[in-house]
Amino acid sequence: MPESSYVLSASALYILKVKTNIVIMWASLQGIHMTTVLPIYSTIPALQSQLNQHHEAILEAAPGAGKTTAVPLAFLDANWLGQRKIIMLEPRRLAAKSAAKRLADQLGEPLGQRVGYQIRQEGKQSANTQI
């Protein structure tokens, strides 16, 4: 059985692992509609390098830094992602739906295309969903 990847989210901490079937994390910022410069942007190149070389990283940043809204989109087109999906864990249902909606809006796509969500018996996703 392939080893799975995971993200542990405690308000400001993500543990990222790139393994066989799933990537937990978040590819180039080209084509993404960002309106604010977030503190996390300066760490994305170092995080990309870390994940390219070691396939795991720990990302710790203050609330509002962009961990949820910027990092997944920054790695969406990464070569190492391949056909794997980016899985994000959120502590509350509303946070999961809100984050998914925000990411889809930033891509200019309807929710359920490249960005979806699944909570309990409710979800919005497709065969094209990557996050």
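## A salt bridge across the chain

Glu 122 has 34% relative accessibility, so this residue counts as partly exposed. The model here is a predicted one. Lys 97 is the salt-bridge partner of Glu 122. The closest N and O atoms of this pair are 2.9 Å apart. Lys 97 is also partly exposed, because its relative accessibility is 30%.

Where do Glu 122 and Lys 97 sit in the chain? Glu 122 belongs to strand E6, residues 122–124, and Lys 97 to helix H3. They are 25 residues apart, so the pair links distant parts of the chain.

## Two other salt bridges

How many salt bridges does the structure hold? There are 3. One of them joins Asp 105 to Lys 101, with 2.8 Å between the closest N and O atoms. Both residues lie in helix H3. They are 4 residues apart, about one turn of the helix. Asp 105 has 39% relative accessibility and so counts as partly exposed. Lys 101, at 43%, counts as partly exposed too.

Arg 114 pairs with Glu 109 in a salt bridge. Their closest N and O atoms are 2.8 Å apart. Is Glu 109 buried or partly exposed? Glu 109 counts as buried, because its relative accessibility is 19% and the cut-off for buried is under 20%. Arg 114 has 24%, so this residue counts as partly exposed.

## The nonpolar core

The largest nonpolar core has 31 residues. Which of them touch the most other members? They are Ile 40, Leu 47, Phe 75, Val 115 and Ile 131.

Helix H3 gives the most, with 5 residues.

## The largest pocket

The largest pocket has a volume of about 390 Å³. Its lining is made of 22 residues. Closest to the pocket centre are Ile 87, Met 88, Gly 116, Tyr 117 and Gln 118.

Strand E4 (85–86), H3 and E5 each give two or more residues to the lining. Which element gives the most to this lining? Helix H3 does, with 5 residues. What classes of residue line the pocket? The lining has 13 nonpolar, 5 polar and 4 charged residues.

## Helix H3 in review

Lys 97 in H3 is paired with Glu 122 in strand E6. Asp 105 and Lys 101 both lie in H3.

How values were computed:
Residues numbered from 1 in each chain as written. Predicted model: local features only at pLDDT ≥ 70, side-chain atom pairs only at ≥ 80, totals over all residues. Heavy atoms only, no water. Core = buried A, V, L, I, M, F, W, Y, C linked by side-chain atoms within 4.5 Å. Buried < 20%, exposed > 50% of the residue type's maximum accessible area, 1.4 Å probe, protein only. 1 Å grid on protein atoms, 1.4 Å probe; cavity = no way out; pocket = protein on both sides within 12 Å on 5 of 7 lines; lining within 4 Å. Points joined across faces, edges and corners; volume = space filled by probe spheres on them. Nonpolar A, V, L, I, M, F, W, Y, C, P; charged D, E, K, R; others polar. Salt bridge = Lys/Arg side-chain N within 4 Å of Asp/Glu carboxyl O.
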